[in-house]
Amino acid sequence: MLNRADKCQSTGDTSQGFASMFSSRQSRKSASRAEDDSAMADGEGYRNPTEVQMSQLVLPYHTNQRGELSVGQLLKWIDTTACLSAERHAGCPCVTASMDDIYFEHTISVGHVVNIKAKVNRAFNSSMEVGIQVASEDLCSEKQWSVCKALATFVAHREFSKVKLKQTIPRTEEEKTEHSVAAERRRMRLVYADTIKDLLANCAVQDDLESRDCSRMVPAEKTRVESVKLVLPPHANHQGNTFGGQIMAWMENVATIAASRLCRAHPTLKAIEMFHFRGPSQVGDRLVLKAIVNNAFKHSMEVGVCVEAYRQEAETRRRHINSAFMTFVVLDADDQPQLLPWIRPQPGDGERRYRAASARKKIRLDRKYIVSCKQAEMPLSVPWDPSNQVYLSYNNVSSLKMLVAKDNWVLSSEINQVRLYTLEDDKYLSFHMEMLVHVDTAQAFLLLSDLRRRPEWDKHYRSVELVQQVDEDDAIYHVITSALCGDAKPQDFVILASRRKPCDNGDPYVIALRSVTLPTHGEMPEYRRGETLCSGFCFWREGDQLTKVSYYNQATSGFLNYLTTNVAGLSSEFYNTFKACEEFLLDNRNDLAPSLQTL
């Protein structure tokens, strides 16, 4: 349970897992081994070497007043399974560093079986991301339900030596996707605390205290709970560190008591917001857990929980172990959420927590909608504002990485070593083009990062205006393109461009593009508003001054006719545009703008 995280290291090295299709020769022995590994990965016999499974029968002493599995007990099982997976990969003890948002889709009844599966998605320097899936099973009817999915970060820990974790080797399409996106999720975790602080400071929260029905208000102080726990050996691992799952279970317990004091009923925990363990706790510690209802909305309430530790009764300074925010509802006989009383906060800190809870609710909705939903369920253009910019940037890059990781790309054509691939999915036809260019990988990345220079090589781009430089990695552009075949008007786009340098060996440089909406740039009568759902560039280093440049695009309906014409070989515009891109890179490889050289 550590607060320290490894910093992302940008390198240009490329691992064997990303070897180019243009690589020259492989030995027969290596090729044979690769074929065997691929066959095993696709077959039923393959199992991720870090995968750990746990099955638990829910007994009466595991349940709450409603006869359902206590979420605290479930969190302990989740943490144990994930920790075993992390330790299987690390080969040494591991501790829980953080847990991402968890949304509980179903409750679990007594007599059901809980099936938990955990595996390491990716390892970094000394930390690793573990993916967890939880399902429940009714042994009598053989029905199964998905309960929740979770992502936990664990840190490998040895007492007398620094740990350098070995890399995971993804084999299946799912593993490759999770491995690639894990780097972007890690980036989001590292800035999470600052993001929340900035959003709470800048987000205007409507104060509706005066308009609420005072007869249904409950003073927040009536919901306050404080409980102390003595950490004993059964609560800790073999190194004496308290299990993260045990602390989470104790937190859920006091939070449930606080929620019950507001609603005078048995509440159900629906979500836990992302949280980090700020420091370790050991056997012999006294843990003080405090909980209070921060705010009550129409059908849900937010409970804040804080955990502090001390060793001796005489100690005046306590160590902050963890803080978390949990969302509860009260369900009726038909499992529908009931109306809740309003909360009346105390002046000062109580009002601050009350308003912060309202802001966090909006942030949670943005994060759940943008980060958690399937790409196909997202509209093409989503609103851009300060409260969702981190999550839109994350979604922009991760969507492109997921498209890149697909296994079923089909080679459609090849002209002078420029290859065109297509991918037919349920709802989209995607394409990607790739070529080798004799230019340094970082230089190619920097040259194509600035969309304002794209009209220099792409004749379809008439003009590009930088609307907003969000930060050093994200920018919003207004793009005007030529009219496509059959269109009377030229098109315009409002595009979020998110770029990433490699986080580890084998990662590509990435420039991801997607449409957003801005109130300052609405639709104009002289243009037809176009949209892009997922597109962008990836750059892999193939050698000294040699780069594989790949462009990906998940075609929308307005672009489909143009795409199919090129795929069918009835047009060579894709090829001509990509060759113009190559000439642009070669002509400008030694002439980077000073503003780009400093990035």
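This is a predicted model: local features need pLDDT of at least 70, side-chain atom pairs count only at pLDDT 80 or more; totals for chains, interfaces and linings use all residues.
**Exercise 1.** Which residues does Ser180 touch, not counting residues up to four places away in sequence?

*Solution.* Leaving aside residues up to four places away in sequence, Ser180 touches Arg122 and Lys401.

**Exercise 2.** Determine how helices H3 and H7 are oriented to each other, and describe their contact.

*Solution.* Begin with the axes: those of H3 (residues 173–190) and H7 (residues 389–404) come within 9 Å and cross at roughly 165°. Angles over 145 degrees count as roughly antiparallel, and H3 and H7 are therefore roughly antiparallel to each other. The handedness of this crossing is right-handed. Turning to the residues, H3 contributes Thr177, Ser180, Val181, Ala183, Glu184, Arg185 and Met188, which meet Val390, Tyr391, Ser393, Tyr394, Val397, Ser398, Lys401 and Met402 in H7. Sorted by class, this contact of H3 with H7 holds eight nonpolar, four polar and three charged residues.

**Exercise 3.** Compare the span of helix H10 with the expected one, and list its buried residues.

*Solution.* Helix H10 runs over residues 573–588, which is 16 residues. From its first C-alpha to its last, H10 reaches 22 Å, close to the 22 Å expected at 1.5 Å a residue. The buried residues of H10 are then Phe574, Tyr575, Thr577, Phe578, Cys581, Glu582, Phe584, Leu585 and Asn588. As background for reading such a list, an α-helix has 3.6 residues a turn, so residues three or four places apart point the same way.

Terms used:
Residues are numbered from 1 along each chain as its sequence is written. Side-chain values use heavy atoms; hydrogens and water are left out. Helices (H or I, at least four residues) and strands (E, at least two) are DSSP runs, numbered from the N terminus. The expected span of a helix is 1.5 Å times one less than its number of residues. Buried means under 20% relative accessible area, exposed over 50%, partly exposed in between (1.4 Å probe, protein chains only). Axes are lines fitted to C-alpha atoms, for helices over the stretch in contact, and angles run from 0 to 180 degrees between N-to-C directions. Angles under 35 degrees count as roughly parallel, over 145 as roughly antiparallel, 65 to 115 as roughly perpendicular and the rest as oblique. A crossing is left-handed if the near helix is turned anticlockwise from the far one by less than a right angle, and right-handed if clockwise. Contact means heavy atoms within 4.5 Å. Ala, Val, Leu, Ile, Met, Phe, Trp, Tyr, Cys and Pro count as nonpolar, Asp, Glu, Lys and Arg as charged, and the others, Gly among them, as polar.
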